[in-house]
Amino acid sequence: MKLNRRQFLESAGIATAALAAWKIPKGVLASPAPAASKVATDLPGSLGAKEVPSVCEMCFWRCPIIGKVKNGRIVKIEGNPKSPTNGHRVCARGNSGIQLIYDPDRLKYPMKRVGARGEGKWARISWKEALDEIAYNMEKTRKKYGPSSLALFDHGASAEFYRQIFKGMGTENYTNEPAFFQCMGAVSLAYVMTYGYKIAERVDMSHSKVMLFFGTHLGENAHLAQVREYVTGLQNGAKLIVVDPRFSAPANKADIWLPIRPGTDTALLLAWINYVIQNDLYDKEFVQMHCKGFNELKEGVKGYSMEWAARICDLKLHDIKKAIDMLAASRPHVAIHSGRHSAWYGRGDVQRHRCLAILTALFGAVAVPGGIYFPTSVDLGESDCVECEAPEDVEEPETSLKDNYPFASYFGSPTAEIIRATRTGKPYPIKLWGIAGVNIIHTISNPYETMDALRKLDFVFSIEILPTESATWADIVLPEANYLERYDKVYVNHDLTPYVTVRQPVVKPLFEAKSPFWIAREMAKRLKLDCFHCKSEEEYLDEELEDIDLSLAKLNKEGGLVRLKGHPYRDPNKPIKFSTDSGKIELFSGSFDDEDMDPIPKFEPILAPPKGYARLVYGRVPTHTFSRTMNNLWLHNECPEPMLWLNKEVAEKMGIKYGDRVVIVNQDGYRSANLVKVKVTPGIRPDTVYLPHGFGSRSPLLTKAYKQGVSDQFLITRYILDPFFGGSSHRTDFVKLIKDGKTLDIPELRPVPPEIPRFEIKKV
Amino acid sequence: MSQYAMVIDLHRCVGCHACALACRAEWNVPVPYHRSWVEDLGPEETSEGLSYTFFPAMCNHCDHPVCVEVCPAEPIEKEFRDPKTGKTIKMAAKATYKNPINGLVLIDKDRCLGCGACVDACPYGARYLDDTLDKPKADKCTFCVERLEHGEVPACVKTCPVDARIFGDITDKDSEVYRLVHKEGAKSLTSKEVNIGPNVYYLGKKKDIELLFKKCAPHKRTWENVKAPSRRDVLVAAIKKIRDKV
Ligand code: SF4
Ligand code: SF4
């Protein structure tokens, strides 16, 4: 974004006013840190600052960092040079952590609601009053409705502490990470079931000869270590195949871009698997030695031809052949990226990622350079201190929220089921929520249902850093120390070069913000839970580090990070025992078969848009994380609002020009709260529109993000639950555009084949 | 004389904005100004197919800096010392000047009048007048000269997640920047109309370079119509501003 000088000056006034209102309290000093190099605060820029090693949490990739401190204030964040993944680098968000800690909108004190839920009107109270109130309500609710009437939504490192409290209270709803049900559940399950390890995303791109991305948009998704590995791979001459309805940033770097019809990825993968088997392109020796169920696979996929896939997926036969031949020619050094955010269509998500896992196995691209690789296990000690036990006399509820989903227990209770139970009282009432570190309204499909559930609760509390829209619904809000102000648990990275590091305070918490350990310990005390006995963070960290011959002090002497020896690759002459039921890679999944789920993936069509609509898809911009960073002064300035991508030919037919502003309306009649600028481009399919995720905050307390841009989340109202584990879909909504008050149909330029039924809009 | 230069490799660049933010953090550049910024280009058709690339931009430390030309500040004689050879050079320098030892285009803040002539003159929009100060001053990228003096690389170079920014002395034939410019064909952003010898170079796929030039090469000779105010005008304006504030 470039401004002319007048615009500069106009907005400059606003910026200065915001800065002036923000004063750092006196006496805020940096915490004791390992002996840094010569500290000289009078040097320009960040030169001569005191350096404290820690771990970033501007996103959840958790890069090791160095906080640079001058006069008690963080002046710069850089990567920890000791880190094998990012070294001295951090991404745009990592650089902007300073503006999270010094955001004047931060929650400063514990507060009690005085307005209606959702209004964000609070009065300041003491920590004692806030904690007493929470404990009183937790006990009261448990007594009246049973332990499982308490539910926790959590995310991030700090949540690990609060989870223990809810577990200690005996609820089955104590770890319901929206991260799994809205994001990584399908891919995690698929890879665990196939390989027995969580090796999703452990993809050795830097040593690969060909990379394959399905929707993965590294670069726009700025997870630093992965971005670095992917670009290193390209630099070393690797080829790249990108399957995405949109011409993403990696599509631009790709040798082959396959603009696939949304919802048909599994068709392409099944045809590729069949082609590889039929043409003997797979690694026979590897399959024989390490895989189970090859014959069933061969039989199961034999009907899926390349011609059929080309038609279903709306791709050119020549292109999809070229792509799979390119992969086969370089096996086993092919990096088939597992993907990360996989809650796309609800049905079929697990199987799509099973196909990726299976194709990887057929190429023998397992634990070899350039393939997927094994995590190196590190025997970290356990500290009893931060582990609470569920009370022995508590019974599981008669009807569990996990009952309908055979694999939900891996992740917790499906968020959609908690919301349903809260709204309906069925199968049992849920009356109290804790929300920690996650803006559920801007995360979980259909925010209107989430808000309805919030309205129905007896009590809800929130532990947050900023007053997000979810926090504005809380009866009590607790201000949490952010990642630059606190310890968390020991952080072990299990990748190519594993390492151990810790998050530790670079400066002391501002205002009355407290560390998650302190907050959880105070809760445990009040709820009389038999845990959190240790006095300090340092104590449990030392206990965790003891077994690998480390301590906090020793770690800090080493610059805050110690590298370990990795074992990512296999010895080709040795048998491997996979931790699946059969000890082999399960091409045929015994566990799925036991639960009457397809043991071999099948193609299930995903409903196509109704006539006049396009499918809404979303993704990331490199300057933001979810809906968490939109209020960050620097990141907001970099990207204040998203643009809606619309196909050029479609736009011409609709009379929409680049930069026009439109309203988006979905199949249920929900409209975007404000106008969005249209990016007219040939780089997206005609049946799809794309909107970066996380904008359009509804919290008036976020002075920079409030009402800035359009929210994709508030247009995601129709969702399908994943039959395996209860995840919520996010790409099953369809939209039209409204320009100058007129609702415009999206013309259909790519006809839908008869095998794919359309979604039908119910007439009311 | 040496000439510091930067090559940005668009083969590697992922458009992540880390460079822009590291710069903002290092020098506390107030929002909404920027010394280093990134623009998205495309996806758009080019003669070589679709392109979706990025324009990581900053001051070009030009060989013929038009910003220096228009600076109305009275030149005074300054002595510059080459840290390598110990030799010194004397030169008359205005508030904005090109350092004769390392080729950096810099601003002497104590002498800057805050008139904004250089801001208007730069065809790349690389400068801003920092109006958050009581007395506005021109500002822009310095290639992190202070960091260079302490043996550090520029902040943007240090943070780039994919090492897309290569920095060095382009007069040194053994340097990587020399190789990338003279052997690999990295190009600086110039046009028929505007060629003032920029020292930031771009390398990339043909299609990406085509789009970059189409969208970002300057064509307006912005400096030709810049009327630098007399020093009296500048003084009067400054006094008025202070009075308004009071
Ligand atoms: S990718 Fe960026 S935000 Fe995420 S942990 Fe790394 S530096 Fe922080
Ligand atoms: S930091 Fe590097 S990759 Fe990111 S935009 Fe800047 S030059 Fe490109």
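Predicted model: local features only at pLDDT ≥ 70, side-chain atom pairs only at ≥ 80, totals over all residues.
A search of the whole structure found two disulfides over all chains. One joins Cys385(A) to Cys534(A), with an S to S distance of 1.9 Å. Cys385(A) lies in the loop between α14 (349-362) and α15 (415-424) of chain A. Cys534(A) lies in the loop between α17 (516-526) and α18 (537-546) of chain A. The pair therefore ties together parts that are 149 residues apart in sequence. The torsion about the S-S bond of Cys385(A) and Cys534(A) is about -70 degrees, so this disulfide is left-handed. Cys385(A) and Cys534(A) are both buried.

Another disulfide is formed by Cys388(A) and Cys531(A), whose sulfur atoms are 2.1 Å apart. This pair also links distant parts of the chain, 143 residues apart. Cys388(A) sits in the loop between α14 and α15 of chain A, and Cys531(A) in the loop between α17 and α18 of chain A. Here the torsion about the S-S bond is about 90 degrees, so the disulfide of Cys388(A) and Cys531(A) is right-handed. Cys388(A) and Cys531(A) are buried. With the bonded cysteines of chain A numbered in sequence order, the pairing reads 1-4, 2-3.

Chain B holds cysteines to set beside these pairs. The closest cysteine sulfur to that of Cys67(B) belongs to Cys122(B). The distance is 6.5 Å, which is too far for a bond. Cys71(B) is in no disulfide either; its nearest cysteine sulfur, in Cys115(B), is 6.4 Å away. Cys67(B) is buried, with a relative accessible area of 9%. Cys71(B) also counts as buried, at 12% relative accessibility.

Technical notes:
Residues numbered from 1 in each chain as written. Chains lettered and ligands numbered in written order. Heavy atoms only, no water. Disulfide = S-S within 2.5 Å. Helix = DSSP H or I, 4+ residues; strand = E, 2+ residues; numbered from the N terminus. Buried < 20%, exposed > 50% of the residue type's maximum accessible area, 1.4 Å probe, protein only.
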